[in-house]
Amino acid sequence: MDEGNKKAIWAGRIVSILVFSAVMKLIVHPEVVKGVNHLGLPESLIRPLGVIELLCAVFYLVPQTAVFGAILLTGYVGGTIITHLRVGEPVYLNIFLGLLIWLGLYLRRPRLLELIRST
């Protein structure tokens, strides 16, 4: 398997996680309802959060807007982190997802590291 295929596989895995999460919110899956109730969020936010998450994933997936999508997703994941911290839950998975988002972007655009280092 060549390097390009490996990068595409990683990016695909990350987007799959995001899209799965968004779809679960859009269909208002009972586990999502249980989760937002546990977190103290109103159920009326489930679908809007799903739409936001899906739009961020689309921006992340499109090569021309991938960096913007990663920034949006970082903000979204930051919100999930503070929400979980507020109820005293660990945030390891949320942080890992945030790192995966940027890893996936880096694998698709290796020049990203050069840009970060030059600032």
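Hi everyone, let's start with Glu-53, which forms a salt bridge with Lys-25, their closest N and O atoms lying 2.8 Å apart. By salt bridge I mean a side-chain nitrogen of Lys or Arg within 4 Å of a carboxyl oxygen of Asp or Glu. Glu-53 sits in helix α3 (residues 46-61) and Lys-25 in helix α1 (residues 3-26), so this pair ties together parts that are 28 residues apart in sequence. Helices here are DSSP runs of H or I with at least four residues, numbered from the N terminus.

A quick word on the model: it is predicted, so local features need pLDDT of at least 70 and side-chain atom pairs count only at pLDDT 80 or more, while totals for chains, interfaces and linings use all residues. Residues are numbered from 1 along each chain as its sequence is written, and side-chain values use heavy atoms, with hydrogens and water left out.

Are the two partners buried or exposed? Glu-53 is buried, at 4% relative accessible area, and Lys-25 is buried at 15%. The cut-offs are under 20% for buried, over 50% for exposed, and partly exposed in between, with a 1.4 Å probe and protein chains only.

Searching the whole structure gives two salt bridges. In the Lys-34 and Glu-31 bridge, N to O is 3.7 Å. These residues are three apart in helix α2 (residues 30-39), about one helical turn. Lys-34 is exposed at 54%, whereas Glu-31 is partly exposed at 48%.

Last, back to helix α3, where we find Val-51. This Val-51 is partly exposed, with 40% relative accessibility. Thanks, everyone!

How values were computed: Helices (H or I, at least four residues) and strands (E, at least two) are DSSP runs, numbered from the N terminus.
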